[in-house]
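User: I would like to learn how to read helix packing and nonpolar cores in a model. Could you take me through the case shown here?

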Amino acid sequence: MEFFNDVGADPLKPSLFELVAQEQLRDLLQPALKYVLAVFAQRYPRYLLRIVNRHEEFYAFIMLFVENYYLRKHGASFSENFYGLKRRRRPFIETERAKAAVGGIPEGEKLRSREIWRSLILLIGLPYIRSKAQDYFEELGGGISSDILDEGMDARQLRALTDDSMKGRLRRLFKTIYPWLNISFEAWLLVSNIAYLFDKTPYYRPWLSWIGVDVRRLGIEDFRAASQLSASKAALDKHRGPLSTIQRLIFTSPRLLLDSLRLLLPTAIFFVKFLEWWYSPGSPARSLSSAPQGPAVPPPRPLPPHPRGITFNKQAYGKCPLCRENINNATALPSGYVFCYRCAYDYVEKHGKCPVTLLPTRVWQLRKVLV
C-alpha cells in the first residue's frame, strides 16, 4: 500500500486513492438528493413530484451553479475542494519563478473561463448523458435476463423492438452497441488510472489534457493566501459601519451558503445512508426498536370463483389455473388470483376479464408478484 500512496518527488501530486475518493463523493450526491426529494414528494406531491420525475435535469441544473462557483473561487470542483485538491492550468513552468519571487498562488495557475467551461461540460454534461443513456437502455429491456424478458416485456417494449421503421432500427442498434460502448469507456478509464498510478501520465482522467488542467493538492501557498484574504476582510469590516456590514452580509449570503455546502452535503449523505440502513428490512436496529402494536390484520379474502369461470383447485398451490403448470413469473390480477405472466397477459388481452372470477380486468392492472 505504501507504493500506491507514494507520489515520488512531488509532494503535491495526489494519490490515486484521493482522486477515486473524491469521485465517489460526487457520485453519491445525486442519489442522496433524489432520496430526500422522493421522501418529501410523498408528502407534497403537488410541488415535488415533477421534480422527482425530472431529477436528472434538476440535479444538473443545481450542480451547474455549485460547480461553477467552486471552480471560479477555489479552482476546483466541489468534491475536489472537499478533499483538499485543486485544478492547475498548464503550462505553468514559467510561473514558478513568479511564485518564488512574489509568494502566494501564481496567476498562471488560475483557471480561465475556457478551462472552467470545459470542466463544467465534463463534470455535469458527461454524467448526465451517461445516466440518460443507461435509463434508455433499461427502458428497451437491456440488462434483463432473456427468460424474464420473454415473460415480462410489455406491449410498448415489443412495439419498440419489432418496429421496422428507421426509429425501430436505431433502437435495436442502440441496444446492441450500448453495452460495448459502456465497457469500452470503463476500460479507457481503467487504463488511464493505471497509467497515472505508475506515473506515465499527469492526468488520471484522459479528458483533463483536453481541458488543459491537472489536479494537485493544496499547498502551503494556497493556505497562506486564503488566510491573508480572510484577515484582510476582517480588517475591512472593522472600518465599516453597522449598515455597511449588514449590506455586505446580504450580498454575500449566497456565497456563504455555497461555501457551507462543503460541510452540509457530506453530512446529508451520511444522514441519508443512515436512514436507509435504519429503515431497511434486515436492520437489527429497526427490529430492536419496533415493538408489536397488537394483532396483525389478516389479508383480505380473494373473490370467490364464478360458476362460469375456470375451475380453481385450492390444493394445487404454486400451479397456474390456466396452464396447470408451475407458475412462471408470477402475476396477480385485481381479483387476487395469481397466474403465469404470459397466461394472464394473453387471456386478459383477449377476453378483458379474470378467468376465475370473470371480474373485468385490463392489461395495465396486472401486477408482478415478488417471490
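User: At what angle do H2 and H4 pack, and how far apart are their axes?

Analyst: In this predicted model, the two helices pack at an angle of about 125 degrees, and their axes are 11 Å apart. Angles of 65 to 115 degrees count as roughly perpendicular and those over 145 as roughly antiparallel, so H2 is oblique to H4. The crossing in which H2 passes H4 is right-handed.

User: Which residues of H2 and H4 meet?

Analyst: From H2 come Arg26, Leu29, Gln30, Leu33, Lys34 and Leu37. Their partners in H4 are His55, Glu56, Phe58, Tyr59, Met63 and Glu67. Sorted by class, this contact has six nonpolar, four charged and two polar residues.

User: Now the cores. How many residues has the largest nonpolar core, and which have the most contacts inside it?

Analyst: A nonpolar core joins buried residues through side-chain atoms within 4.5 Å. Here the largest one has 28 residues, and Trp207 and Leu208 have the most contacts inside it.

User: Which elements give two or more residues to this core?

Analyst: They are helices H2 (16–43), H4 (55–74), H7 (113–139), H10 (166–197) and H11 (208–211), together with strand S2 (213–217). H4 supplies the largest share, seven residues.

User: What does Leu208 touch, leaving aside residues up to four places away in sequence?

Analyst: Leu208 touches Arg87, Tyr203, Val213 and Val215.

Methods: Residues are numbered from 1 along each chain as its sequence is written. This is a predicted model: local features need pLDDT of at least 70, side-chain atom pairs count only at pLDDT 80 or more; totals for chains, interfaces and linings use all residues. Side-chain values use heavy atoms; hydrogens and water are left out. Buried means under 20% relative accessible area, exposed over 50%, partly exposed in between (1.4 Å probe, protein chains only). Helices (H or I, at least four residues) and strands (E, at least two) are DSSP runs, numbered from the N terminus. Contact means heavy atoms within 4.5 Å. Axes are lines fitted to C-alpha atoms, for helices over the stretch in contact, and angles run from 0 to 180 degrees between N-to-C directions. Angles under 35 degrees count as roughly parallel, over 145 as roughly antiparallel, 65 to 115 as roughly perpendicular and the rest as oblique. A crossing is left-handed if the near helix is turned anticlockwise from the far one by less than a right angle, and right-handed if clockwise. Ala, Val, Leu, Ile, Met, Phe, Trp, Tyr, Cys and Pro count as nonpolar, Asp, Glu, Lys and Arg as charged, and the others, Gly among them, as polar.
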